[in-house]
Amino acid sequence: MNPVPSRDRKVVRRWELPGDPRGLAIGADGTIYVGLAETQAIVAVNPETGAIAKQVVLDSAEIASTKELVTLRTNPQRTRLFIANGSDESAMILSLPDLAVLREITMEGETIRDVVPDPKGRYVYILGRRVHIYDADGRTKLRTLDVAEPLAIAASASGTTLAVFATQDFGNTKATTVAMFDTKTFTQTSREPLQTAKPVDGAMFAAKDRTLVAFGRDSIFDRAVTRNARINGRTACFPEKSGPQIATLTTDDTLVYAERRCSASGAFTSATSGIKPASLYGVNAYAIAYDAKSNTIIATDRDGFLTIYNVPRAVVAE
């Protein structure tokens, strides 16, 4: 790839990456894996040189260019790559680092917006028109959760809880709700409104599973994982073309998220839940990921760039 010079002090390295970069993930050795929607491919990129070490075409772009590669996620051991293909109505599991296709799961009539591996290696959670739960190899469907039109899902690091966000009617109004499921029996343990009708595009657990964070097109929320907990929120100018991986954790309680330049961003209220926010401001990213080995943030940009950034400073609530 061609390097791109930058005077931005946040930038460590930047390369041109044509092919409509979307979801990304970091391998165990620091290799950057990026999904290219235009070429229907996964590329493995050397983080030091920008050289493409390996490329695997998932579908022929001339025949069917519908794989959007919305998200790329890895299991904790980083030996498997899980891909949500969006309007292609499928999910894929690849092995790392060889990028061999282990399994493709097709769900006719369902846009697949996310695929989340269980942190304990027991299940694969697939977000379509419902939340579908498969075994760890993606071969056997175990059950479907009774939540209509889910918006986002998040699995706790302990593996005990799955959070499912959805929109629910309350008489003449609608509100975004979060349902908690016990992953032993998949019994719903609670379902509460977030006191907002704004949609949620992504979510994650933080602060050693004590806090649940959710973010949508123009808002970010965090709340303690207790019943009737106070919701903290702020306006955030997420990039217009961003996907569900627009935020990441650098530590258990430090949340980094990319924001485009705008005048509407507000102060993040985080004292009650313990989250320390850090905005990667002025970055028009589609997805970001944290590389702990180099202590940097990796970002894809649909305009055709792959960039490594310094980690922004967190804001500590007083």
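Visitor: What share of the 318 residues of the protein chain counts as buried?
Guide: This is a predicted model. Buried here means under 20% relative accessible area. Of the 318 residues in the protein chain, the share that passes is 53%.

Visitor: Which radius of gyration does the protein chain have, and why does it agree with a compact globule?
Guide: The protein chain has 318 residues, so a compact globule would come out near 20 Å. The value for the chain agrees with that: 19 Å.

Visitor: Why is strand β11 largely enclosed by the rest of the structure?
Guide: Strand β11 covers residues 123–127. On one side sit Tyr-123, Tyr-125 and Leu-127, and on the other Val-124 and Ile-126, all buried.

Visitor: Which residue of β11 is the bridge partner of Pro-117?
Guide: Strand β10, residues 114–117, runs antiparallel to β11, with four bridges joining them. Five residues lie between the strands in this hairpin, and Gly-121 takes a positive phi near 75° there. In β11, Pro-117 is partnered by Val-124.

Visitor: And which residue of β12 is the bridge partner of Tyr-123?
Guide: Strand β12 spans residues 131–135 and runs antiparallel to β11, joined by five bridges. A hairpin through three residues links β11 to β12. The partner of Tyr-123 in β12 is Asp-135.

How values were computed: Residues are numbered from 1 along each chain as its sequence is written. This is a predicted model: local features need pLDDT of at least 70, side-chain atom pairs count only at pLDDT 80 or more; totals for chains, interfaces and linings use all residues. Side-chain values use heavy atoms; hydrogens and water are left out. The radius of gyration is taken over C-alpha atoms; the globule rule is 2.2 Å times the number of residues to the power 0.38. Buried means under 20% relative accessible area, exposed over 50%, partly exposed in between (1.4 Å probe, protein chains only). Helices (H or I, at least four residues) and strands (E, at least two) are DSSP runs, numbered from the N terminus. Two strands pair if DSSP finds at least two bridges between them.
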